Amino acid sequence: MSTADDVLIVQVGQCGVTAGAALSARICARHDACMAQPASRRPRAPLDGLLVRRGRADTPSSPAAADELVPRAVSVDAEPKAMHDAHKAHTKPVAAVWTEGGRGGVFANGFARDYGGGGARGLPQQASSARRGGESGVNLLSAAMAAVRAWAESSATTPDVLLLHSLAGGTGSGLGTRLLETMRDDGFHKAFVVTASVVPLACGESPIQAVNATLSLSSLAENADAALLLRNDDAVRAATRAREPGMQGANAYLAALLERTLAAHGRGVAPLRDIVTECAPIPAMKFLDAHTSWRPASQPSSSLSSTPPWREVLKAHLAPLVCRTHVDGTTPIKSISSMAFAHGTESDAGEALATLQASRTYTHAAWQTDPWRTRSRPLPLLAGEARHLTVISNRSNAIDVLEGSARRTRALLRAGAFVHHYTPFGVDKEDWEHACHVAETTSDAYRAFYL
Ligand SMILES: Nc1nc2c(ncn2[C@@H]2O[C@H](COP(=O)(O)OP(=O)(O)OP(=O)(O)O)[C@@H](O)[C@H]2O)c(=O)[nH]1
Ligand SMILES: [Mg+2]
């Protein structure tokens, strides 16, 4: 049976590589903390199973020591900068492939350009294989697939895949979804593929972010088993509350959220399968909402002397991050199925859930009589933190992302704006139309079930 040990993390584009590096740093730090304990009472860190031995130098300008333990993560980016930064911070994936130029924030450029060629650099093979770095002449999609395949084959069973990427950038959205589609056609049909898809800031970061998001959301609807929609607005809000503003803080929040999500399921349980089975059993509704309580580092905590009550943890550090109404500001957001991952024991999880239900932070559809599942385990804690709760929920606010993106894409389509940026890469008006249609149909399914 697969477990957390059989997860392959594939991180694509600047956002994927950078947030993935923050996750890797946390996994390695937990491992090092456990190893620092005397051998007689040394615990196994919750995500130790994700660590593998990496071989020789395979990343830009940062030769890794042989036999270094690193998380089973493959980094893919069209440009090397995010990888350089991650490697300087000593957060290395097991394999990295890259080219020398970004995709200019255009989905089509990431999705289709890699068909045609352009030398990719990197080492897609396992540590034991012969080195194939430098200008290999292989295109980025092929090189990325070779790395993914090599590490998948190193696992006892086909691993489940966590694809970490943004919906807005050219590489993360375009190449990320292209990789997903290729995996589906290429032996990964047995694997559960869950994406951690970073939603751009609502205030807007690029005039074509909605088009990129619509095109990738429609591909996720067709190819992923579940997609965690990680809103950058929430991550930035969490970071600001924690007095760690900016993208670094946002990534620290996202890393904590993903670490807890992967680690909470207990021995012998495959985390991604658990999430798909419990939260996304209906294929038409696979877009999930995810939040974790994240204690502001600067805030004094009673946890240093005693364990704070769940009411305090949830009210102060989870509820403020969770939206309760749709973008119209009045229609309540409803859930149909939710999972709560608690640090601690089963009784801690039960207590946390009772407190959460009393707070009405999450409201479930009236017909759903048994909406919650809990998972509990001693999980990594942040400095000064005594307990935390993470919630993954199938919620109607997916409608806002799907409809909002499709609406803006249709407006650009009517105006004929920006289409010429996509057509040279083989993504034309019909593809925009199709993506809008898929996003709207998916949104309709949510409306029918929830509202
Ligand atoms: N949370 C978070 N979001 C990021 C980060 N870097 C970029 N983003 C978001 O990602 C989106 C832009 O995508 P990028 O990942 O930068 O683009 P890319 O995938 O590298 O694609 P190209 O640069 O166009 O080739 C925007 O919504 C950014 O806010 C990061 O480190 N953390
Ligand atoms: Mg980039």
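**The site of ligand 1**

Mentor: A polar side-chain atom of glutamate 205 lies 2.5 Å from an oxygen atom of ligand 1. This is a polar contact, meaning a pair of N or O atoms within 3.5 Å; within protein, one must be able to donate a hydrogen and the other to accept it, and residues adjacent in sequence count only if both atoms are side-chain atoms. The model is predicted: local features need pLDDT of at least 70, side-chain atom pairs count only at pLDDT 80 or more, and totals for chains, interfaces and linings use all residues. Residues are numbered from 1 along each chain as its sequence is written, chains are lettered from A and ligands numbered from 1 in the order in which they are written, and side-chain values use heavy atoms, without hydrogens and water.

Backbone N or O atoms also approach ligand oxygens: that of glycine 170 at 2.9 Å and that of glycine 169 at 3.3 Å. Alone, ligand 1 exposes 640 Å², of which the protein buries 89% (Shrake-Rupley method, 1.4 Å probe; for residues, only the protein chains shown count as cover).

The shell has 22 residues, with Arg103, Gly105, Thr171, Gly172 and Glu205 nearest (a heavy atom within 4 Å). H1 (13-35), H5 (170-185) and H8 (247-263) are helices that each supply at least two of the shell residues, and H1 gives the largest share, four (DSSP runs numbered from the N terminus: helices H or I, at least four residues; strands E, at least two). By type, the shell has five nonpolar, 13 polar and four charged residues (Ala, Val, Leu, Ile, Met, Phe, Trp, Tyr, Cys and Pro are nonpolar; Asp, Glu, Lys and Arg charged; the others, Gly among them, polar).
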